[in-house]
Amino acid sequence: MEAATVAAALGFLLLAGVGGSSVDEAREETVVRALVVRLLGPGPAADFSVSVERALATESGLDTYRLSGGGGARVQVRGSTGVAAAAGLHRYLRDFCGCQVVWSGSQLHLPQPLPVVPEELAETTPHRYRYYQNVCTQSYSFVWWDWARWEKEIDWMALNGINLALAWNGQEAIWQRVYLALGLTESEINEYFTGPAFLAWGRMGNLHTWGGPLSRFWHLKQIYLQHRILDRMRSFGMIPVLPAFAGHVPKALTRVFPQMNVTRLSSWGHFNCSYSCPYLLAPEDPMFPLIGSLFLWELSKEFGTNHIYGADTFNEMQPPSSQPSYLAAITTAVYEAMIAADPDAVWLLQGWLFQHQPKFWGPDQVKAVLRAVPLGRLLVLDLFAENQPVYSRTDSFYGQPFIWCMLHNFGGNHGLFGSLEAVNQGPQAARLYPNSTMVGTGIAPEGIGQNEVVYTLMTELGWRKDPVPDLVAWVTGFADRRYGLSQEDAKEAWKLLLRSVYNCSGKACVGHNRSPLVKRPSLKINTTVWYNRSDVFEAWRLLLKAAPNLTTSLAFRYDLVDITRQAIQELVSLYYEEVKISYRKKDLILLLQAGGILAYELLPVLDEVLATDKRFLLGSWLEQARTMAVNETEAQFYEQNSLYQLTLWGPEGNILDYANKQLAGLVEDYYAPRWRLFLETLAGSLAQSVPFKQKEFDKNVFQLEKSFVLSKKRYSSQPQGDTVDLTKKVFLKYYPRVVNGSL
């Protein structure tokens with residue numbers, strides 16, 4: 001593709017940016033000043049001067065910030081947008097003050113006087129867009145958030161320079177209005193929507209009905225939240241991505257319009273057609289543009305628009321035809337429904353479908369979709385580019401602009417994991433790819449709140465032209481900023497983690513946590529990992545050694561729980577292997593010894609360790625859900641939604657343990673009982689000289705799993721015990737066994 005054609009295509013996208021009036025500048029300046037106060041407090045905030053000046057941007061509109069002052073004078077932070085100014089502030093706090101803003105507990109100890117910027121520092125991002133979110137993030141992490149939590153997240157987004165993000169709250173309320181206008185009854189609409197914890201897959205057409213219905217109060221709260229989210233995003237100069245019609249319709253519409261031409265797609269995620277097999281409107285049906293434009297008109301009337309819309313027609317679902325003509329037609333229908341309501345519409349497409357089903361999506365099929373939309377009006381997210389990039393096998397998405405994204409996390413799992421080298425090198429490689437149409441970087445995790453080192457690096461790369469030259473030096477600097485103190489043992493621990501769990505590569509490298517601890521027990525669990533477990537245990541020792549100097553750090557306390565959790569997870573894998581060996585040798589004594597340690601020592605002590613930190617409590621997780629409710633009945637309903645997602649996912653364990661977490665309460669009442677039943681069953685098998693029957697065990701353990709989900713047990717949202725004291729006891733008991741090989 002010629003460079004001139006690429007430039008013309010990208011020109012369309014630049015039209016979708018924020019406005020440049022003095023009113024916009026003043027608004028963005030005001031919101032960044034308020035952010036400084038929220039972040040630092042009124043006193044320290046007075047030492048900073050913030051201004052937003054569109055003229056700072058490059059000719060092509062790329063965000064720029066400038067820093068100066070300090071050392072007794074006010075620190076001057078100037079940015080071309082509110083986002084750029086916030087990113088400049090974060091750069092000063094990070095590089096000059098040694099501070100860090102993260103999910104687990106920001107470290108904001110400002111030196112006095114504030115450090116001097118020796119000469120004005122100017123930084124221009126090489127990326128038009130710095131994108132955030134996966135459609136699934138809305139359900140795995142955001143589903144129960146109130147405005148206070150959203151406000152913190154939008155602040156975090158601004159500080160990390162994010163200027164393009166999904167804003168999908170409240171869309172079901174808009175769909176309800178559209179469906180009522182089209183003749184559906186309220187009960188038909190209620191039957192169609194999924195429950196809150198499963199909305200992401202309802203929005204992508206994978207599911208309907210499961211976990212529902214949604215209450216009137218839910219709709220009202222989400223509309224309220226969406227207004228506040230959009231107002232704040234726009235105040236920073238961010239571009240919110242709103243939803244659009246992807247072609248999926250409720251079955252009930254065929255009652256109102258019996259001539260409607262629909263195709264029923266196949267099932268998804270081991271769900272039967274009671275909850276899956278969505279109806280897809282034919283692209284030539286006259287209802288397609290009508291429904292799509294009705295929805296966008298109603299949506300824009302309620303929330304306004306920034307002209308970028310997300311829609312995913314075939315997310316993890318095979319189209320009914322592989323003919324390029326059909327794929328082009330359905331893509332055209334989605335796009336034309338957008339521009340019927342908004343002539344300036346740009347379609348944001350998650351490129352996951354091309355990666356997820358590569359056998360179906362050959363060059364002709366991919367090209368049919370991408371070329372059906374005018375160049376520059378389709379913005380593709382190369383969603384899993386750090387692991388399986390699509391741009392390199394599609395000639396840079398056949399000319400359509402794309403964003404290089406790091407997915408990293410699946411299901412919101414806990415577990416130390418990352419591919420830092422691939423992340424570090426990936427954006428530059430994509431930008432230098434022949435005739436590259438890359439226009440940005442993005443982070444697209446299914447769940448947040450874990451492995452913050454990975455996200456810190458990725459957001460930093462959104463402002464870098466080149467990779468970080470020395471990741472070892474970078475990660476030790478990360479440790480210093482994270483804890484607010486340079487501590488050699490902590491830095492050495494992070495070096496070990498960098499070369500092990502954060503150096504994921506090869507076939508054993510997976511984004512899901514597949515430890516035996518969080519899987520339904522069987523004799524066929526693969527415990528192979530891509531790293532040397534001894535590095536994890538040594539990092540554990542070093543962080544504990546560093547503890548006396550760092551216990552006041554919230555982030556350190558989080559990390560101490562997390563590394564202890566990981567060490568226990570590794571021990572579970574090792575003892576599980578002992579269980580398998582002893583069973584195959586028919587050695588009942590050894591099986592009981594190894595199994596007893598796994599199920600009756602390690603899992604209870606893991607639950608105790610997790611219980612010392614509010615961020616690892618099932619009670620904290622469920623408290624968010626209860627807070628969203630207006631009465632006890634609704635609170636219990638939301639709790640059950642959340643518990644299903646964490647465990648069975650569907651009524652029959654349809655996507656079992658996909659969204660596994662290691663939370664106090666969940667370990668004690670869900671994972672531990674499963675392992676105890678498994679070990680009792682194995683012991684009985686050996687004692688009676690009968691083979692272990694996995695299918696029979698699965699039926700029995702399912703009853704335990706379902707009982708946990710349906711239980712109305714309340715879990716505390718208050719931590720218990722001291723993290724440092726308890727982790728020391730665990731360490732002293734188990735670390736010598738690892739070192740001596742005496743498991």
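**Ground rules**

I number residues from 1 along each chain as its sequence is written, and my side-chain values use heavy atoms, with hydrogens and water left out. Since the model is predicted, local features need pLDDT of at least 70 and side-chain atom pairs count only at pLDDT 80 or more, while totals for chains, interfaces and linings use all residues.

**Entry: second largest pocket**

Next I went for empty space. Rolling a probe the size of a water molecule over the atoms shows where such space is left. My search ran on a 1 Å grid over the protein atoms alone: a cavity is a set of points where a 1.4 Å probe fits but cannot get out, and a pocket is an open set with protein on both sides within 12 Å along at least five of seven lines. Lining residues have an atom within 4 Å of a point. Grid points are joined across faces, edges and corners, and a volume is the space filled by probe spheres set on the points.

The second largest pocket holds about 550 Å³. It has 31 lining residues, and Tyr140, Phe410, His512, Ile655 and Tyr658 are the closest to its centre. By type I get 14 nonpolar, 11 polar and 6 charged.

**Entry: largest cavity**

I found 7 cavities of 30 Å³ or more in the whole structure. The largest cavity has about 260 Å³ of space. Its lining has 22 residues, with Gln171, Trp175, Tyr192, Gly202 and Arg203 nearest the centre. α7 gives the most, with 4 residues. Helices (H or I, at least four residues) and strands (E, at least two) are DSSP runs, numbered from the N terminus. The lining residues of the largest cavity come out as 13 nonpolar, 6 polar and 3 charged.

**Entry: helix α7**

That sent me to α7. Is this helix enclosed or open? It is largely enclosed by the rest of the structure, because 8 of its 11 residues are buried. Buried means under 20% relative accessible area, exposed over 50%, and partly exposed in between (1.4 Å probe, protein chains only). The buried ones are Gln171, Glu172, Ala173, Ile174, Trp175, Gln176, Val178 and Tyr179. They pack against α8 (186-192), α9, α10 (216-236), β7 (239-243), β8 (248-249) and α12 (287-303). After α7 comes Gly183, with a positive phi near 110°.

I checked Gln171 on its own, and its relative accessible area is 4%, so it counts as buried. Beyond its neighbours within four places in sequence, Gln171 is in contact with Arg203, Pro243 and Phe295.

**Entry: Asn424**

Asn424 belongs to helix α17 (residues 420-431). With a relative accessible area of 2%, Asn424 is buried. Apart from neighbours within four places in sequence, Asn424 contacts Leu457, Leu461, Pro467, Val468 and Leu471.

**Entry: cysteines**

How many disulfides does the whole structure have? I find 1, with a disulfide defined as a pair of cysteine sulfur atoms within 2.5 Å. Cys273 is joined to Cys277, S to S 1.9 Å. The torsion about their S-S bond is about -65°, so the disulfide is left-handed. Cys273 is partly exposed at 36% relative accessible area, whereas Cys277 is buried at 3%.

Cys97 is in no disulfide, and the nearest cysteine sulfur, that of Cys99, is 5.1 Å away. Cys97 is buried at 10% relative accessibility. Cys136 is in no disulfide either, with the nearest cysteine sulfur, that of Cys405, 13 Å away. Cys136 is buried, at a relative accessible area of 7%.

Technical notes:
Ala, Val, Leu, Ile, Met, Phe, Trp, Tyr, Cys and Pro count as nonpolar, Asp, Glu, Lys and Arg as charged, and the others, Gly among them, as polar. Contact means heavy atoms within 4.5 Å.
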